[in-house]
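Colleague: Could you walk me through this model? I'd like to learn how to read a few of its features.

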Amino acid sequence: MSVADDRRHLIDDIIALAERETLRVPPMMGEEWLTIDLTMSQFKVLLLVQEEGPLRVSEIAAALGVSQAVVTGVTDRLVHRDLIERVGDPHDRRVVICKLTGEGEQLTRRLSRAGMERGRQLLEVMTAAELLQLKETFEMASRVLERVKHKLGAEAESRESASAL
């Protein structure tokens, strides 16, 4: 078996393990996460705006890889639920900016705290050696993600350069 075959089998094994274990995660997530009544699209918009701060509809659409019409529909529902508000851009009256309302901020903070607390509870059952190994694994994953981000950024720049020609 070649090195490429070994890598492919390792990747397949990791994906199979992740899929199997992912099915076991929802019951461990905690009630706070299981009781939110949001679609995945609404949840993604909330998390994006919480992470990035106020964003234009076009920025949300680009980040999520969907049309502005889709984002408008999703944000309409979030505005109706008082989780997002739309405000005008003081520099360009044609632009609409979406930002979290107080209720939206409270919800994202509650979910974040609940997730962190649940994570802490799960980590408490690990030995010191397991915690060290997990920390090292997360550090390695962080380095890999940086390489992926760099590669994707270079590919995007290459595509933009090619399309400009």
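Colleague: Where does Asp-82 lie?

Modeller: Asp-82 sits in the loop between helix H5 (68-80) and strand S2 (84-89). Helices (H or I, at least four residues) and strands (E, at least two) are DSSP runs, numbered from the N terminus. This is a predicted model, where local features need pLDDT of at least 70, side-chain atom pairs count only at pLDDT 80 or more, and totals for chains, interfaces and linings use all residues. Residues are numbered from 1 along each chain as its sequence is written, and side-chain values use heavy atoms, leaving out hydrogens and water.

Colleague: What about the phi of Asp-82?

Modeller: Most residues other than glycine have a negative phi. Asp-82 has a positive one, near 60°.

Colleague: Which residues have the most contacts inside the largest nonpolar core?

Modeller: In soluble globular proteins, nonpolar side chains tend to be buried together. A nonpolar core is a set of buried (under 20% relative accessible area, 1.4 Å probe, protein chains only) Ala, Val, Leu, Ile, Met, Phe, Trp, Tyr and Cys residues joined through side-chain atoms within 4.5 Å. The largest here has 19 residues, and those with the most contacts inside it are Leu-38, Leu-46, Val-49, Ile-60, Leu-78 and Ile-84. H3 gives the most to this core, five residues.

Terms used:
Buried means under 20% relative accessible area, exposed over 50%, partly exposed in between (1.4 Å probe, protein chains only).
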